Amino acid sequence: MEKAILNVDVLYISQNMNSNFSHNGDLAIDISKLKYLKAPFTGKIKRKYSNCNGIWLESSKKVEYADGTIDYMTIMTLHDNDVSDLYINKKIKRNEIYYQPGVKGNVTGSHIHIAVGKGKFKGTGWYKGKYQPKVKAYAWLINNQYDITKALFLHPDVKVSKNSYEWKIYEEKSNNLKKSNNEIAKEVIQGKWDNGNMRKKRLEEAGYNYNEIQDLVNELLNNDNKYYIVQKGDTLWDIAMKYKVYWKDLYEENKDIIGDNPNLIKPGQRLLIKF
Ligand SMILES: [Zn+2]
C-alpha cells in the first residue's frame, strides 16, 4: 500500500491551516517559493475548475495516512497558471510532478493552495466555508477535509524553509522489503542518511541496527589497501579469519615482509589485506 507523501522541492508555508487571512475554518495550507508538487499517491484527476485552475486528484486505491488511517484520499490544489496538460480521468503516478504554483484565481502571490480530503471524490469536491473578510471572499473547503499534517508524510528530500508543523517523515522502503545492510551502508556513504545522532535515529526508525551499518560503512570506506599491524600472539591464520580472506593469499601478498615461513610473523609487521 502506498503511503501518501507531501513531496515538493521546497516547503515554505506562507499560510497555515485555519489562518484568519483566508483559511479561517479551512485545513488548507499555502506553499510558496516552490517549483513543483509531486503527486502524493497514484490516482486519477476527478475535477478541473477553471476559475482558479483547481485540480482534484483521487487515489486509485486506499493509501496509508501519516496518522495511520487507511482510506482513499483526495487532494485539491489551486492556482497553477497552466493546467492544460491535465484532464478528467488522467492517471497520475505517485511522485510524478503534476502541479505548479501560480496566480490563477483570488491570490496575493504565486503559491499552491493544498487541501486534503478523506475518502473518494464526491459531488463537486468542495463546499462553501466561512467568509474571509481580509480577502472579501468565502473559503471553499474540500469535502471531508483532513489535517494535512496527519494525512501526508513529508518526503525526506524536501528542503524545509518555513514550517511550524511536526510532520511525520516518510522513510523509503520502511514498509516494503527492507534493503540489505550493504545497500544501506552505501547510501550512508552517499550522504542519504544524515550524520551523527540524526543518522542513528533515522536508521533505527527504519528498522536497521545502527552499529551494524556503521561497521559496514567503516569497512567500505577502507575497502582497498587495508593494512593490519601484527600484534603479539597473532597467527596468519587468525588474521586471515578476521578479514575473511584465504590465509595463503594473505601470505603470498606479504611474502616479502613475512619471509619464507608463514608460521613466523612478528609483532609490528604491516600486512596488506586485499579483498
Ligand atoms: Zn490558500
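Start by selecting Lys-159: this residue counts as exposed, with 11 C-beta neighbours inside 10 Å.

What you have open is a predicted model, where local features need pLDDT of at least 70 and side-chain atom pairs count only at pLDDT 80 or more, while totals for chains, interfaces and linings use all residues. Residues are numbered from 1 along each chain as its sequence is written.

**Stop 1: around Lys-159**

Colour by secondary structure and you'll find Lys-159 in strand β17, residues 159-162. Strands (E, at least two residues) and helices (H or I, at least four) are DSSP runs, numbered from the N terminus. Now show the contacts of Lys-159: leaving out residues up to four places away in sequence, Lys-159 touches Asp-9, Val-10 and Leu-11. A contact here means that two C-beta atoms, placed from the backbone, lie within 7 Å. For a sense of scale, draw a C-alpha to C-alpha distance from Lys-159 to Tyr-227: the two are 68 residues apart in sequence and 41 Å apart in space.

**Stop 2: zoom out**

Show the whole chain. There are seven helices and 19 strands. The radius of gyration is 28 Å, well over the 19 Å that the globule rule gives for 275 residues, so the chain is more spread out than a compact globule. That radius is taken over C-alpha atoms, and the rule is 2.2 Å times the number of residues to the power 0.38. If you draw a box along the principal axes, the C-alpha atoms fill roughly 90 × 35 × 30 Å.

Next, colour by domain: domain 1 is 5-162, domain 2 is 181-221 and domain 3 is 226-273. These bounds come from an automatic or database domain assignment. The C-alpha centres of domain 1 and domain 3 lie 64 Å apart. Two totals for the chain: buried residues make up 29% of the 275, and among contacts with a separation of 6 or more, 65% are between residues 24 or more positions apart.

**Stop 3**

Select Ile-31 in strand β3. Is Ile-31 buried or exposed? Ile-31 counts as buried, with 23 C-beta neighbours inside 10 Å. Beyond four places in sequence, the contacts of Ile-31 include Val-8, Leu-11, Tyr-12, His-111 and Ile-114. Asn-163 is 132 residues from Ile-31 in sequence, yet their C-alpha atoms are 9.7 Å apart.

Step along to Lys-33, in the loop between β3 (29-31) and β4 (37-38). Check the backbone: Lys-33 has a positive phi of about 60° although it is not a glycine. With 18 C-beta neighbours inside 10 Å, Lys-33 is partly exposed. Not counting residues up to four places away in sequence, Lys-33 touches Val-10, Tyr-12 and Ser-161. Val-10 is also a contact of Lys-159.

**Stop 4: Tyr-72**

Where does Tyr-72 sit? Tyr-72 is in the loop between β8 (70-71) and β9 (73-78), and is partly exposed, with 18 C-beta neighbours inside 10 Å. Among the residues Tyr-72 touches are Glu-58, Lys-62 and Gly-119. A C-alpha distance back to Ile-31 comes to 23 Å, across 41 residues of chain.

**Stop 5**

Select α2 (residues 181-189) and α4 (residues 210-221): they pack at an angle of about 65°, with axes 9 Å apart. Axes are lines fitted to C-alpha atoms over the stretch in contact, and angles run from 0 to 180 degrees between N-to-C directions. α2 and α4 are therefore roughly perpendicular to each other, a label for angles of 65 to 115 degrees. To see the packing, show side chains including Ile-184, Ala-185 and Val-188 in α2, which meets α4 through residues including Ile-213, Leu-216 and Leu-220.

Now move to Asp-194, in the loop between α2 and α3. Phi of Asp-194 is near 60°, a positive value in a residue other than glycine. Asp-194 is partly exposed, with 14 other C-beta atoms within 10 Å.

Finish on α3 (residues 196-205): of its ten residues one is buried, so α3 lies largely in the open. Just after α3, select Gly-207, which takes a positive phi of about 90°.

Notes: Buried ≥ 20, exposed ≤ 12 C-beta atoms within 10 Å, placed from the backbone. Parallel < 35°, antiparallel > 145°, perpendicular 65-115°, else oblique.
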